[in-house]
Amino acid sequence: MNNSLKGYTLGALAAASYGTNPLFALPLLSAGIDAYSVLFLRYLFAIPMLAVMMMARGRGFGLRRNQIMPLIIMGLLMAMSSLTLYVSYAYIGAAIASTLLFIYPILVTLIMAVGFHERTSWLTIVCIILATTGIGLLYRGDGGEVLSAMGLLLVFYLTSYTQADI
């Protein structure tokens with residue numbers, strides 16, 4: 001498998017697996033477990049899986065001194081990313097919150113085009129317009145409720161820090 005195909009495949013699997021967050025979080029949240037506990041449980045189960053993957057690749061767990069602070073900062077940003085997603089479910093529906101989460105490719109493309117003068121193809125522009133239109137169609141929920149400003153702020157906060165993880 002060439003690197004490009006492998007990258008697209010792994011990217012699609014990562015998006016699909018991250019997109020299942022509501023599937024596992026919503027039952028726990030509706031059972032009265034708070035977002036902090038759900039996040040703790042998520043990482044509690046993820047750490048052993050990550051350890052097995054690292055051992056399978058023959059990688060160690062040791063860190064050099066100059067790696068500790070960046071790792072702490074990235075870990076906190078990743079935790080805040082997940083936490084704000086879970087908290088946003090209390091303000092807006094999980095479907096719209098999770099959809100808004102995945103607008104970061106649009107934001108990255110716009111930042112690169114405006115801030116760094118990167119050329120953007122017509123196909124990319126059309127895709128941005130279609131994606132933005134699709135998100136706009138989700139403006140009202142099933143019950144006719146409008147989006148909560150707090151929920152949107154939490155998701156956009158999350159999205160801005162998720163871009164830093166790319």
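This note goes through the predicted model point by point, from the overall fold to single residues.

1. Basis of the reading. The model is predicted, so that local features are taken up only at pLDDT of at least 70 and side-chain atom pairs only at pLDDT 80 or more, whereas totals for chains, interfaces and linings use all residues. Residues are numbered from 1 along each chain as its sequence is written, and side-chain values use heavy atoms, with hydrogens and water left out.

2. Overall make-up. The protein chain holds eight helices and zero strands, where helices (H or I, at least four residues) and strands (E, at least two) are DSSP runs numbered from the N terminus. Of the 166 residues in the protein chain, 21% are buried; buried stands for under 20% relative accessible area, exposed for over 50% and partly exposed for what lies in between, with a 1.4 Å probe and protein chains only. The protein chain exposes about 11700 Å², and carbon and sulfur atoms supply 72% of that area (Shrake-Rupley method, 1.4 Å probe, with only the protein chains shown counting as cover for residues). Among contacts with a separation of 6 or more, 76% are between residues 24 or more positions apart, a contact being heavy atoms within 4.5 Å.

3. Helix H2. Asn21, Pro22 and Ala25 are the buried residues of H2. They lie on the same side of H2, because they cover an arc of only 80° around the axis, the arc being that of the directions from the helix axis to the C-beta atoms. An α-helix has 3.6 residues a turn, so residues three or four places apart point the same way. On the other side of H2, Leu23, Phe24 and Ser30 are exposed. The cover over the buried residues of H2 includes helix H1 (3-18), helix H3 (35-56), helix H4 (65-88) and helix H5 (94-101). After H2 comes Gly32, with a positive phi near 100°.

4. Asn21 and its partners. Asn21 belongs to helix H2 (residues 21-30) and counts as buried because its relative accessible area is 7%. Its side chain is joined to that of Tyr86 by a polar contact of 2.9 Å; such a contact is a pair of N or O atoms within 3.5 Å, of which, within protein, one must be able to donate a hydrogen and the other to accept it, and residues adjacent in sequence count only if both atoms are side-chain atoms. Leaving out residues up to four places away in sequence, Asn21 touches Arg42, Leu85, Tyr86 and Tyr89.

5. The nonpolar core. The largest nonpolar core has 19 residues, and those with the most contacts inside it are Ala25, Leu85, Tyr86, Tyr89, Ile92, Ala97 and Leu100; such a core is a set of buried Ala, Val, Leu, Ile, Met, Phe, Trp, Tyr and Cys residues joined through side-chain atoms within 4.5 Å. H3, H4, H5 and helix H7 (122-137) each give two or more residues to this core, and H5 gives the most, with five. H5 is itself mostly covered, with six of its eight residues buried, namely Ala94, Ile96, Ala97, Ser98, Leu100 and Leu101. Ala25, neighbours within four places in sequence aside, is in contact with Val38, Tyr86 and Tyr89.

6. Ser88. Ser88, in helix H4, counts as buried because its relative accessible area is 0%. The side chain of Ser88 reaches the backbone oxygen of Leu85 at 2.6 Å.

7. The stretch around H6 and H7. His117 lies in the loop between helix H6 (104-116) and H7, and has a positive phi, near 55°, although it is a residue other than glycine. His117 counts as exposed because its relative accessibility is 68%. Leu110, in helix H6, counts as partly exposed, at 40% relative accessibility. Leu110 touches Gly115 and Ile128 when residues up to four places away in sequence are not counted. Leu110 and Thr120 are ten residues apart in sequence and 8.8 Å apart in space, C-alpha to C-alpha.
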